[in-house]
Amino acid sequence: MISIAKPWITQDEKDAVLKVMDSGMIASGAVVSEFEQAFAGYVGARHGIATTSGTTALEVALRAMGVGPGDKVITTAYSFIASTNSILYAGARPVFVDIDPDTFNIDMDGLRAALKANPDAKALLVVHLFGQACNMDAVMALAGEHGVMVLEDCAQAHGAKWKGKQVGTFGDAAAYSFYPTKNMTTGEGGIVLTNRDDLADRARLLINHGMKIRYTHDILGYNYRMTNIAAAIGLEQLKRLDAFNAARRKNAAYYNAHIKNPAVQVPAVQPEAEHVYHQYTIRVKAGRRDALVKLFEAEGVGYGIFYPFSIPEQPCYKALGFETAWPATDTVKLEVLSIPVHPALTEAEVAAVATVIGKL
Ligand SMILES: Cc1ncc(COP(=O)(O)O)c(C=O)c1O
């Protein structure tokens, strides 16, 4: 079986975890601080606040930005549900925008229209889906014109770039996930990055029960703290993130060159974007996706359908009365198929996946 995802854990991660275990300081502590500084430094942000997950990082970032009940946050209709759940957790309401069917990211004309129609919007939450940056020139220009804050969901885009600059450094804040399928992992975990001192201070309060001075709780916070165990894994993974991403890009380049089936469209990459292929997501045309899925199952190729539904049509969102017809998303969701691209694949496995697609 060729797996769709696989965390790459070496003896270095195991040794680092054992060292933390032996230290007795297994909850949040110095190793977390070291990881926060290392990851923020890698991306090029001033502050890093590590959390329990990408989901909690998104929620903390929005709350730190002052997003709350009555506020509107403009975002994409097509992502993992956590992107938008974070808006609901903060008590705000998402305003959905359709995607560009080529990049799978939020559509810029749609974003412009949503900003015009919602002059009271407080923030934009853009998602760099599958590892490709949104057009951050356009996002930041629109945000500036309309005076709204920007949160970047970088859960799938560690190390991705727009015009040579890392995602996560454009907006007011960014959130990352370190779930095991991601470009690097800490087991479970996340981080908020920001260049703004005020947001960093507030995020740090929020993840630790609103506490700066021991047992004085200034605001209502949470326990969203990362553990030293997770951070120790993260420090080792971060050392290899560039190599992981290079391997993903190499695998993607092989697919780009070898997938020739006319029913299959390989991912479109904007010339300004350095894609890090959290997923390599093809579009299978003319109702042929099920046939390719059957072939994959017969030949032992792992795959994923990310995502089979738009967020607004999910049962828990439908009940909230959102528009459920999003033409580009509704087309793409029937065609997408993500194929193995992770760095632990062998050359023979990548070649085998391309060969199976050739049989369609
Ligand atoms: C785009 C996106 N946003 C947010 C998340 C949430 O991250 P986590 O699973 O670490 O909570 C994920 C990952 O699952 C994701 O893919």
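1. The residues of the shell around the ligand, where a residue counts as near a molecule if its C-beta atom, placed from the backbone, lies within 6 Å of it, divide into six nonpolar, eight polar and one charged. In this division Ala, Val, Leu, Ile, Met, Phe, Trp, Tyr, Cys and Pro are nonpolar, Asp, Glu, Lys and Arg are charged, and the others, Gly among them, are polar.

2. This is a predicted model, in which local features need pLDDT of at least 70 and side-chain atom pairs count only at pLDDT 80 or more, while totals for chains, interfaces and linings use all residues. Residues are numbered from 1 along each chain as its sequence is written.

3. The ligand is surrounded by 15 residues, of which S53, G54, T55, A155 and S177 are the closest. Two or more residues of this shell come from each of α3 (54–64) and α4 (81–89), and α3 gives the largest share, three residues. Helices (H or I, at least four residues) and strands (E, at least two) are DSSP runs, numbered from the N terminus.

4. Strand β9 (residues 190–194) is mostly covered, with five of its five residues buried, that is, with 20 or more other C-beta atoms within 10 Å of their own, the C-beta atoms being placed from the backbone.

Key. Buried ≥ 20, exposed ≤ 12 C-beta atoms within 10 Å, placed from the backbone.
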